Structure formats: structure tokens, C-alpha cells
Amino acid sequence: MKFYDEHAEQRDRFAIVAFHDTRAKTFEELDAKMAAKGIVEKRWKGRPLPFATLLDATGETLKTYEIKAFPTVVLIDPEGTVVEIGGHKEAEAHLKKALGEKSN
């Protein structure tokens with residue numbers, strides 16, 4: 001969310017899509033799970049995610065990208081090539097470089 005907020009003027013150059021684990025089959029279940037764990041309040045500062053959120057009810061996306069833990073970031077370039085799978089810091093550094101910024 002921080003990267004998304006800080007790069008409002010460049011959002012035409014990247015997209016963020018959030019996938020959640022297969023235990024939530026509906027958005028209602030996901031909302032209840034996030035609320036019960038306090039994620040919206042603690043991690044998202046009371047805001048809903050400002051970008052697309054998809055459910056992976058079959059687990060196919062998680063299997064395809066070999067996602068074993070949350071959060072995991074999968075960075076895909078405009079040609080559809082996976083360029084990074086890892087944590088937020090690695091993906092953020094890669095995105096900043098692609099956007100012509102220096103990483104911290």
C-alpha cells in the first residue's frame with residue numbers, strides 16, 4: 001500500500017493485484033478473516049486495499065508461482081516474464097529501478 005500510495009503519478013506503469021490463500025472462498029469470508037486477525041487495522045491502517053484483490057479458490061495461482069507463504073510478491077514485466085518472486089523489499093527495489101528511481 002505504501003508503494004502504491006507513494007507512486008500515484010506512475011500507476012500507469014505498474015499494476016498491483018493481491019491474491020489471498022485458498023481458505024477464503026468468497027470476499028465475505030476474506031473480509032471476516034482479515035477483520036478477525038486485525039489485519040485491516042494493524043497493517044492497512046483501517047483502509048481497504050486500494051488495488052484489485054482476487055481469490056484463488058482452486059489454489060492454481062499459488063501452485064503456478066510456487067507461493068508457500070504470505071505475503072509473497074510476484075513481479076511480472078510487461079512481456080509476461082516473471083522477474084522477481086520474493087518479499088516486498090526485493091520487489092520494491094526492482095520496481096523503483098524500473099521506474100527510474102534509486103532504491104534506499
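Where is the place of Lys 45? Lys 45 sits in the loop between helix 3 and strand 2, with helices (H or I, at least four residues) and strands (E, at least two) taken as DSSP runs and numbered from the N terminus. The model is predicted, so local features need pLDDT of at least 70 and side-chain atom pairs count only at pLDDT 80 or more, while totals for chains, interfaces and linings use all residues. Residues are numbered from 1 along each chain as its sequence is written, and side-chain values use heavy atoms, with hydrogens and water left out.

Back to Lys 45, then. Most residues other than glycine have a negative phi. Lys 45 is not a glycine, yet its phi is positive, at about 55 degrees. With a relative accessibility of 73%, Lys 45 counts as exposed; the cut-offs here are under 20% relative accessible area for buried, over 50% for exposed and in between for partly exposed (1.4 Å probe, protein chains only). Glu 66 also has a positive phi, near 55 degrees, and is a residue other than glycine.

Now for the overall picture. The protein is built from five helices and four strands, and read from the N terminus on, the order is α-β-α-α-β-α-β-β-α. Along the principal axes, the C-alpha atoms fill a box of roughly 40 × 30 × 20 Å. Of the 104 residues, 26% are buried. The accessible surface comes to about 7500 Å², and 53% of that belongs to carbon and sulfur atoms; such areas come from the Shrake-Rupley method with a 1.4 Å probe, and for residues only the protein chains shown count as cover. How far along the chain do contacts (heavy atoms within 4.5 Å) reach? Among contacts between residues at least 6 apart in sequence, 51% join residues at least 24 apart.

Charges come next. There are 17 positive and 18 negative side chains, and the centres of the two sets lie 6 Å apart. In this tally Lys and Arg count as positive and Asp and Glu as negative, while His and the chain ends are not counted. Each charge is placed at NZ of Lys, CZ of Arg, CG of Asp or CD of Glu.

Side chains of opposite charge can pair when their charged atoms come close. With a salt bridge taken as a side-chain nitrogen of Lys or Arg within 4 Å of a carboxyl oxygen of Asp or Glu, the count comes to three. One of them joins Asp 5 and Arg 47, whose closest N and O atoms are 2.7 Å apart. This pair links distant parts of the chain, 42 residues apart: Asp 5 belongs to helix 1 (residues 2-6), and Arg 47 to the loop between helix 3 (39-42) and strand 2 (52-55). Asp 5 is partly exposed, at 36% relative accessible area, and Arg 47 is partly exposed at 32%.

Another salt bridge is between Lys 63 and Glu 60, with 3.6 Å between the closest N and O atoms. These two are separated by about one helical turn, because they are three residues apart in helix 4 (residues 60-64). Lys 63 is exposed at 56% relative accessibility, whereas Glu 60 is partly exposed at 42%. Then there is Glu 92 with Lys 96, where the closest N and O atoms are 3.2 Å apart. Both residues lie in helix 5 (residues 88-98), four residues apart, or about one turn of the helix. Is Lys 96 buried or exposed? Lys 96 is buried, with a relative accessible area of 10%, while Glu 92 is partly exposed at 29%.

Finally, a look at Val 82. Val 82 is in strand 4 (residues 82-86) and counts as partly exposed because its relative accessibility is 36%. Together with Ile 76 and Ile 85, Val 82 makes a nonpolar surface patch of about 220 Å². Patches use residues with over 30% relative accessible area and no salt bridge, joining like charges within 9 Å and nonpolar side chains (Val, Leu, Ile, Met, Phe, Trp, Tyr) within 5 Å. Leaving aside neighbours within four places in sequence, Val 82 is in contact with Tyr 65, Val 74, Leu 75 and Ile 76. Ala 36 is 46 residues from Val 82 along the chain, and their C-alpha atoms are separated by 33 Å.

Conventions. Contact = heavy atoms within 4.5 Å.
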